[in-house]
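Please keep the sequence and the model in view while reading.

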Amino acid sequence: MPMKMIKSETDDELLIERIMHARRYSLSLDKNRCVGCNICQIVCPREAIEVRKPSKMEGEKLSRPKITIDENKCQFCGICNAVCPFSALALRINEEKTVPVLKTDSFPQVIHEIEADTSKCPTDCNECEEACPFDLIKVRVETIEGEAVEDVTSLTNKGNPKVEVDIDRDQCPCCRLCEVKCPYGAIKTRKIISGFIKINAEKCPEGCHDCSDVCPIPGALYLSNDRKVHANDLFCIYCGACKVVCPEQQALEIQRTSIHHTPVHSGAWNKALEKLTSTRDMAKELRSKMSIKVQGSVQGRFEGRMS
């Protein structure tokens with residue numbers, strides 16, 4: 001039995017702790033990273049996470065949903081930590097960051113795939129840095145000796161400069177804004193979650209744009225000339241924050257179809273995947289895995305006969 005359960009909260013962080021004789025478990029939520037989506041709530045096997053829709057003040061923009069965690073229900077398994085696209089949750093055991101479900105191969109690692117080909121980058125461009133809504137990209141210019149260049153116009157006597165693009169991949173939700181905004185095709189990304197979003201304008205309450213108020217990605221939801229909210233699948237990351245706040249459930253539909261992750265064979269992951277996508281999409285992934293396994297087996301037998 002735990003010796004002590006602690007829950008504390010500040011403007012920037014929510015922290016729950018379980019203190020035992022030999023171990024100290026803690027789960028923290030970075031409120032500055034959290035966008036109020038419901039992915040963690042969906043996959044939590046203990047129903048310890050609740051996403052709360054904020055109250056709206058007349059004439060003000062709706063704030064993002066808030067997350068609370070029940071310290072008495074949480075088992076500190078790390079599932080929420082493993083699936084959060086924004087890395088807003090962090091689990092620690094005895095002050096050391098860890099994700100138990102990853103260490104036991106019960107869950108896969110979500111892949112944040114974003115690469116920059118700096119050979120295509122001119123020294124006077126920082127479009128990707130400006131485009132990132134989370135300030136996760138930093139562009140810097142260096143001389144061939146590795147010296148930082150503050151003023152590109154001063155490069156005359158410093159040889160051929162090089163561009164370095166630093167990306168905080170762990171926090172990147174792979175919205176593709178940087179890729180689309182880059183005029184040189186230097187950045188390539190792959191979405192973590194694939195799917196689709198549909199808005200039924202006829203069901204939208206008159207004058208309501210709560211979904212676009214809370215959307216973390218500029219341009220994923222936008223107001224058009226008809227004053228209705230429209231969706232752009234190119235940038236949508238299918239996090240579900242919009243669905244949480246929508247006052248008319250039939251007005252907005254989000255369907256996640258697949259998640260980009262490392263290979264894993266786990267019943268726990270299959271259950272989580274079914275909750276996040278659908279039974280059909282979960283079965284589709286299982287069939288794909290089986291097909292790859294069969295192909296590998298056939299190839300192995302063929303190579304064995306040829307040798």
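## Basis of the model

The model is predicted, so local features need pLDDT of at least 70 and side-chain atom pairs count only at pLDDT 80 or more, whereas totals for chains, interfaces and linings use all residues. Residues are numbered from 1 along each chain as its sequence is written, and side-chain values use heavy atoms, with hydrogens and water left out.

Strands β2 (residues 13-19) and β3 (residues 24-30) are joined by seven bridges in the antiparallel sense; two strands count as paired if DSSP finds at least two bridges between them, and strands are DSSP runs of E with at least two residues, while helices are runs of H or I with at least four, both numbered from the N terminus.

Both strands belong to an open sheet of five strands, ordered β1-β2-β3-β6-β7 with antiparallel pairing. Because β1 (4-9) and β7 (96-97) each have a single partner strand, they stand at the edges, and one side of each is left without a neighbour in the sheet.

## Positive phi in two loops

Most residues other than glycine have a negative phi. F76, in the loop between β5 (66-69) and α2 (79-83), has a positive phi near 55 degrees, and R176, in the loop between β11 (162-167) and α5 (177-181), has a positive phi of about 80 degrees.

F76 is buried, with a relative accessible area of 3%, whereas R176 is partly exposed at 24%; buried means under 20% relative accessible area, exposed over 50% and partly exposed in between, with a 1.4 Å probe and protein chains only.
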